[in-house]
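Subject: The two-chain model, as promised

Hi,

Have a look at it first and then read on.

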Amino acid sequence: MRALSRETTALTLLLAPVTLFLAIFFLIPLGIMAVYSLLEPGLYGGVEWSFYHWNYGRILGWADGFIEEFDIVYLQVLGRSMGLAALTVISTLLICFPVAFWISRLPAKQKNFFIFLITLPFFTSMIVRLYAWVLILRDSGFANQLLEWLGLISEPLDLMFTGTAVIIGMVYIFIPFMFLPIYSSIEKLDMSLVQASQDLGASPFTTFRRIVLPSVMPGVIAGCILVFIPSLGNFVVPDLLGGARVVMIGNLVEQQFLYARNWPFGAALSMVIIAVMMLLMAVYLFRVVKADSNR
Amino acid sequence: MSIAFSHNPASDYLRVRNAVRHFNTPEGGVVKALDGINLNIGQSEFITLLGPSGCGKTTLLKIIAGFERLDSGKITLDSQTLLELSAHRRPVNTVFQSYALFPHMSVGDNVGYGLEVAGVKKPERVQRIGEALEMVGLAGIEKRLPSQLSGGQQQRVALARAIVNRPKVLLLDEPLSALDRHLRMKMQIELKNLQTELGICFLFVTHDQEEALTMSDRIVVLNGGKVEQLGTPTEIYHRPASRFVADFIGESNVFEGKVVRFDDFGADVQCGELLIRTEDRNLITGSAVEVMLRPEQFTLLDSSTSAAGQQVLTATLEQAVFVGSDHQLVCRLASGQQISALVRGHCHHLQVGQPLQLAYSSADVHTIPAVF
């Protein structure tokens with residue numbers, strides 16, 4: 001009994017710093033945002049301390065009734081952002097899944113080398129790496145020069161400041177987040193299960209669908225979540241590679257806080273992003289719990 | 001059976017011809033996993049591939065299953081060439097050492113997997129799953145998950161999953177190695193009974209010689225990628241073809257010597273100071289041979305028993321160990337060679353350092369041609 005309480009004390013002490021840290025730097029700011037999203041914007045930034053529901057009204061299309069007209073532009077931006085984030089998830093998944101399989105089959109030394117290569121970008125600033133993509137994608141950039149040299153195009157392609165550029169940048173940034181969880185689940189895959197499936201007469205495709213996929217699914221889902229959440233709120237990539245032509249929900253938040261100085265509206269937009277993510281997570285968790293209880 | 005067959009077609013069911021498989025080691029060497037293997041196996045035989053680790057037994061099994069390729073050679077099953085078929089098209093099934101049960105599927109789905117991918121309809125499938133589970137003594141556990149079963153039960157499910165497909169050959173890759181001794185011995189007998197009941201060929205890989213002797217119709221002793229001997233358990237035990245087989249299967253006392261005299265009834269072999277009589281009539285004077293005696297082929301002589309018609313060795317007792325029904329005596333000959341004898345009865349009066357008279361029959365003496 002005494003040992004147990006000592007253990008509990010030790011656990012409390014060990015967990016205290018991280019709990020405090022999260023409370024101070026995550027929960028309290030989140031609370032502030034939630035409160036701000038329901039306040040009136042101040043004239044020169046800041047907030048007026050009176051309840052104001054038009055921040056959310058504006059997002060859903062109903063303007064404040066004085067200057068603006070009914071317009072669902074913000075919902076459209078949210079929809080487009082979700083679409084771009086989903087495309088990023090699908091692209092990274094399509095790239096990482098086969099690569100992770102391939103790497104997992106290599107001898108240990110080469111494996112470690114490739115894992116190192118995949119995590120290498122973490123050692124450089126993301127901004128620097130995105131500017132490199134600007135150099136590659138702009139009209140006189142590397143991509144266009146190469147294509148022209150190969151004779152595939154005569155006019156430079158319009159790559160910069162397009163949705164394509166944003167997708168390329170996002171996929172590039174988030175590949176490690178998709179790769180690592182998938183790789184670790186493939187690495188854990190018991191090859192004797194694959195052999196057993198073949199042995200029992202299942203074709204390679206059936207083996208993949210019935211044995212491999214269910215085994216690596218947790219890694220795939222983890223990867224999808226890890227990519228979807230930061231891509232949905234991302235504003236750096238669309239800023240640098242999408243310019244003013246591709247505005248994502250993250251850019252809207254950034255603009256409201258830094259340029260329009262409408263903190264409550266920015267806070268409300270942030271709350272909507274958080275709500276969308278929590279909803280998706282809840283659906284996923286619900287399905288996991290249901291699948292577990294079916295067993 | 002057709003008269004055109006000069007050989008017994010029944011033992012021609014699974015044929016392995018000149019199977020060669022070499023592996024390159026990371027250090028740049030070559031491991032000869034299979035170095036020209038030839039086998040003829042019958043349609044309903046229980047065959048054990050026995051040998052030390054690295055002898056090629058598991059490689060051979062994997063090649064038959066289709067998980068490993070052959071450098072050269074040929075394998076036919078029921079007159080059908082196997083090597084061109086990919087693993088999932090071969091009419092063989094494997095019981096894996098790790099069982100390899102699908103953790104996300106119930107026992108019933110595991111057992112029915114092969115039937116399902118073969119397109120067997122559900123009612124028949126359910127019935128056959130039930131029958132297979134009943135055969136391995138696990139009726140009615142279809143709904144459970146593999147993780148809810150004990151090691152022994154998982155083993156049986158793996159077995160049911162393989163036999164439910166009625167394979168032409170069942171391959172078993174050291175399936176009992178993870179079980180405790182008691183359960184292992186029980187499973188050995190059950191496996192043998194199951195094989196007799198099903199009447200299909202079992203190809204069983206093990207490094208455990210006791211297991212091999214207990215279950216097999218015939219044993220293939222492998223060493224360094226070559227077949228050392230293929231024979232019934234009795235043949236392998238009493239008439240080992242090589243020194244390796246003699247040493248690997250059971251305990252043996254081997255003496256190296258030279259034939260000094262032979263006649264119509266056998267030969268005398270001079271092994272250092274010992275002259276050993278054998279009834280082997282295929283020896284000629286001057287040839288180098290090794291003679292083998294199993295520990296249980298010795299009897300202990302005392303003042304009351306006579307050695308009429310028997311050969312006698314004199315040795316000094318070094319150690320006597322009670323092993324249940326018998327005593328294991330470790331003795332030393334005058335030449336310095338250690339020998340082991342397994343004797344029945346009371347040995348309490350024996351004292352370490354005491355000279356013993358060990359008798360053996362010349363009919364028991366087995367000779368192995370010495371290889372230089």
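By contact I mean heavy atoms within 4.5 Å. On that basis, residues 24 or more positions apart make up 63% of the contacts in chain B with a separation of 6 or more.

Before the details, some housekeeping. This is a predicted model, where local features need pLDDT of at least 70 and side-chain atom pairs count only at pLDDT 80 or more, while totals for chains, interfaces and linings use all residues. Residues are numbered from 1 along each chain as its sequence is written, chains are lettered from A and ligands numbered from 1 in the order in which they are written, and side-chain values use heavy atoms, with hydrogens and water left out.

Chain B overall

Chain B contains 8 helices and 20 strands; these are DSSP runs numbered from the N terminus, with helices being H or I of at least four residues and strands E of at least two. Along the principal axes, its C-alpha atoms fill a box of roughly 75 × 55 × 50 Å. Of its 372 residues, 48% count as buried. Here buried means under 20% relative accessible area, exposed means over 50%, and partly exposed is in between, using a 1.4 Å probe and protein chains only.

The accessible surface of chain B is about 17,700 Å², and carbon and sulfur atoms account for 50% of that. Those areas come from the Shrake-Rupley method with a 1.4 Å probe, and for residues only the protein chains shown count as cover. As for charge, chain B has 35 positive and 40 negative charges, whose mean positions are 8 Å apart. Lys and Arg count as positive and Asp and Glu as negative, leaving out His and the chain ends; each charge is placed at NZ of Lys, CZ of Arg, CG of Asp or CD of Glu.

Where the chains meet

The contact takes 22 residues from chain B and 19 residues from chain A. About 1,800 Å² is buried between the two, 61% of it from carbon and sulfur atoms; buried area is the accessible area (1.4 Å probe) that two parts lose on being put together, summed over both. On the chain B side, B:His88, B:His104 and B:Tyr113 lose the most area to chain A, together 34% of what that side buries.

The interface of chain B and chain A also has 1 salt bridge, a term I use for a side-chain nitrogen of Lys or Arg within 4 Å of a carboxyl oxygen of Asp or Glu. A:Arg210 and B:Glu116 form a salt bridge through their side chains, at 3.0 Å from N to O.

Other salt bridges

Over all chains, the rule gives 23 salt bridges. One of them pairs B:Asp35 with B:Lys226, also at 3.0 Å from N to O. This one links distant parts of the chain: B:Asp35 is in strand 2 (residues 30–41) and B:Lys226 in strand 10 (residues 226–231), 191 residues apart. B:Lys226 is partly exposed, at 43% relative accessibility.

B:Arg261 and B:Asp263 pair up at 3.2 Å, N to O. Both ends are partly exposed, B:Arg261 at 41% and B:Asp263 at 23%. There is a network as well: salt bridges with shared partners join B:Arg21, B:Glu68, B:Arg69 and B:Asp71. Within that group, the closest N and O atoms of B:Arg69 and B:Asp71 are 3.1 Å apart. B:Arg69 is exposed at 52%, whereas B:Asp71 is partly exposed at 37%.

Most residues other than glycine have a negative phi. B:Asn18 has a positive one, near 45°; it sits in strand 1 (residues 14–24) of chain B and is partly exposed at 46%. B:Arg166 has a positive phi too, near 50°. B:Arg166 lies in the loop between helix 4 (151–163) and strand 7 (169–173) of chain B, and is exposed at 56%.

And in chain A

Helix 11 (residues 249–258) of chain A has 7 of its 10 residues buried, so it is largely enclosed by the rest of the structure. Among the buried ones are A:Ile249, A:Leu252 and A:Val253, as well as A:Glu254 and A:Gln256.

A:Tyr44, by contrast, is exposed at 72%, in the loop between strand 1 (39–41) and strand 2 (47–51) of chain A. A:Tyr44 and A:Asn262 are 218 residues apart in sequence but 8.4 Å apart in space, C-alpha to C-alpha.

Cheers
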